[in-house]
Amino acid sequence: MTGRPERSLQPERPERSGISVIRRPGRDLSDRDGLAVLLTAYHLQTQAEKGEAVADAGGLPERYRAEILDPGTAFATDVVLLALRGDAPVGCLVVTAPVDGRSEIKRLWTDPALRGLGIASGLVGAALVHAAESGLSTVRLSVWNWRTGAIALYERLGFTVTDPWDERDRLVCMQSTVSPAGRGPEQE
């Protein structure tokens, strides 16, 4: 690891899952973080869901291979949240560097064998806390429309569908207003 302190953020149901969430500046990532394995699974699954399955990471589009091969460079200006079970990485989420008072959530992935333990909720909650602590007003994300479970999770956590900023077919764009108190979405 690096000399920078890591911030531990607990997911919604840590007593059931034994999961902790750490926040790392993207530029501080290394091969030991386990992020490359999580990103590989994420991108391979996404390609398969798009009907463009590939056998391994070598068949992925270059921009995705670059994230897997060198996440520290790919996410140098971003913050990466890693969910750990003990020392093993079991989930990830990237919060992009702020632009115009908002960041974007990308690459939410959890180990399929551990889904249902609140890992994804914990990662998104930690992303909202990070955004609030960073003084951001809005967090946005995009999700494929066939990922109905993810869309339901985002809605449960206060995200709403918004006008698209990415015109790719079947992509749903969502956003959440960040509470200044760091407690996630503002309640009206």
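Contact here means that heavy atoms lie within 4.5 Å, and the structure described with this term is a predicted model.

Thr110 is a residue of strand S5, and, once neighbours within four places in sequence are left aside, Thr110 is in contact with Val90, Gly91, Arg115, Ile119, Ala120 and Leu123. Ser137, by comparison, is found in the loop between H5 and S6, where, with the neighbours within four places again left aside, Ser137 is in contact with Gly101, Ser176, Thr177 and Val178. Ser137 and Pro98 are 39 residues apart in sequence, and their C-alpha atoms are 9.9 Å apart in space. The table sets out the accessibility of the two residues.

| Residue | Relative accessible area | State |
|---|---|---|
| Thr110 | 8% | buried |
| Ser137 | 39% | partly exposed |

Because buried means under 20% relative accessible area, Thr110, at 8%, counts as buried.

In soluble globular proteins, nonpolar side chains tend to be buried together. The largest nonpolar core has 33 residues, of which Leu81, Leu93, Val124 and Phe159 touch the most other members. Among the elements that each supply at least two residues of this core are strand S3 (79–85), strand S4 (88–95), strand S5 (102–110) and helix H6 (148–156), while H5 gives the most, with 9 residues. Phe159, apart from its neighbours within four places in sequence, is in contact with Ile105, Val124, Leu128, Val139, Leu141, Tyr154, Met174, Gln175 and Ser176.

Notes
Residues are numbered from 1 along each chain as its sequence is written. This is a predicted model: local features need pLDDT of at least 70, side-chain atom pairs count only at pLDDT 80 or more; totals for chains, interfaces and linings use all residues. Side-chain values use heavy atoms; hydrogens and water are left out. A nonpolar core is a set of buried Ala, Val, Leu, Ile, Met, Phe, Trp, Tyr and Cys residues joined through side-chain atoms within 4.5 Å. Buried means under 20% relative accessible area, exposed over 50%, partly exposed in between (1.4 Å probe, protein chains only). Helices (H or I, at least four residues) and strands (E, at least two) are DSSP runs, numbered from the N terminus.
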